[in-house]
Amino acid sequence: MAIVPFETTLRVRDYCLCLHVQRAARALARRFDEALRPLDLTNGQFSLMMSLNRPEPPGMGPVASLLGMDRTTLTAALKPLQRRGLIKLTVDPADQRGRRASLTRKGETLLAKAVPIWERTSVEVEALLGDGDSNQLRRSLLALSSGISVQGSRQPSNKIGRASCRERV
């Protein structure tokens with residue numbers, strides 16, 4: 001049985017983009033969850049409700065794509081919002097098998113209360129970047145999220161010092 005050297009563990013700790021993005025995402029999620037707590041919303045619910053804030057109710061596919069999740073996960077995430085009366089699901093008139101989701105009046109009202117909290121928290125978070133360029137960070141994250149498929153169609157770099165998150169730690 002092969003044993004992974006501790007040096008590999010340290011390299012993954014220091015260079016793994018996946019690890020660093022996950023850690024940052026968890027910290028951001030906690031920050032926004034705390035900010036939205038007075039409205040009994042999580043950051044995920046806020047993003048989901050915002051993705052439904054459109055002139056016409058979207059189908060599940062476009063919403064799942066925007067949020068970077070599969071339809072099953074989206075359906076599960078919609079249920080608590082539906083139970084609270086914040087969203088409604090209707091049959092897609094173009095395809096009776098499909099569903100469209102929209103905000104209810106109650107959902108629109110709650111989302112309007114949440115936006116100033118999101119704006120304030122976003123400013124606070126961006127200030128933590130110091131001299132960092134938040135627009136460049138957004139561009140880089142977008143490039144990662146759109147350029148790497150779940151199947152890993154793009155291969156990780158083989159540059160020295162760069163560790164793939166697929167290495168076992």
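Residues are classed as buried under 20% relative accessible area, as exposed over 50%, and as partly exposed in between (1.4 Å probe, protein chains only). The structure is a predicted model, in which local features need pLDDT of at least 70 and side-chain atom pairs count only at pLDDT 80 or more, while totals for chains, interfaces and linings use all residues. Residues are numbered from 1 along each chain as its sequence is written, and side-chain values use heavy atoms, with hydrogens and water left out.

Helices (H or I, at least four residues) and strands (E, at least two) are DSSP runs numbered from the N terminus. Strands β1 (residues 87-92) and β2 (residues 95-103) are paired in the antiparallel sense through six bridges; pairing requires that DSSP finds at least two bridges between two strands. The two strands form a hairpin, with two residues between them. Within this pairing, T90 stands opposite R100 of β2. In a regular strand, side chains alternate between the two faces of the sheet.

Nine salt bridges are present in the structure, a salt bridge being a side-chain nitrogen of Lys or Arg within 4 Å of a carboxyl oxygen of Asp or Glu. One of them joins D92 and R100, with the closest N and O atoms 3.1 Å apart. D92 is buried, at a relative accessible area of 11%, and R100 is partly exposed at 25%. Another joins the side chains of D95 and R97 (3.1 Å, N to O). Here D95 is partly exposed, with a relative accessible area of 28%, whereas R97 is exposed at 75%. A further salt bridge is formed by R31 and E124, whose closest N and O atoms are 3.4 Å apart. R31 belongs to helix α2 and E124 to helix α6, so this pair ties together parts that are 93 residues apart in sequence. Both partners are partly exposed, R31 at 33% relative accessibility and E124 at 34%.

The largest nonpolar core has 21 residues, a core being a set of buried Ala, Val, Leu, Ile, Met, Phe, Trp, Tyr and Cys residues joined through side-chain atoms within 4.5 Å. The residues with the most contacts inside this core are L41, M49, L52, L74, L78 and L81. At least two core residues are supplied by each of α3, α4 (60-67), α5 (71-83), β2 and α6. With residues up to four places away in sequence not counted, L41 touches D33, L36, M49, L81, R84, L110 and A114, contact meaning heavy atoms within 4.5 Å.

The loop between α2 (17-36) and α3 (43-52) contains D40. Phi of D40 is near 60°, a positive value in a residue other than glycine, and D40 is exposed at 53% relative accessibility. In helix α6, E108 is partly exposed at 35% relative accessibility. The C-alpha atoms of E108 and L86 are 7.6 Å apart, with a sequence separation of 22 residues.

On the surface, V21, L129, L137, L141, L144 and I148 form a nonpolar patch with about 450 Å² of accessible area together. Patches are made of residues with over 30% relative accessible area and no salt bridge, like charges being joined within 9 Å and nonpolar side chains (Val, Leu, Ile, Met, Phe, Trp, Tyr) within 5 Å. Accessible areas come from the Shrake-Rupley method with a 1.4 Å probe, and for residues only the protein chains shown count as cover. Helix α7 (residues 134-147) provides the largest share of the patch, three residues. L129 lies in the loop between α6 (105-128) and α7 and is partly exposed, with a relative accessible area of 36%.
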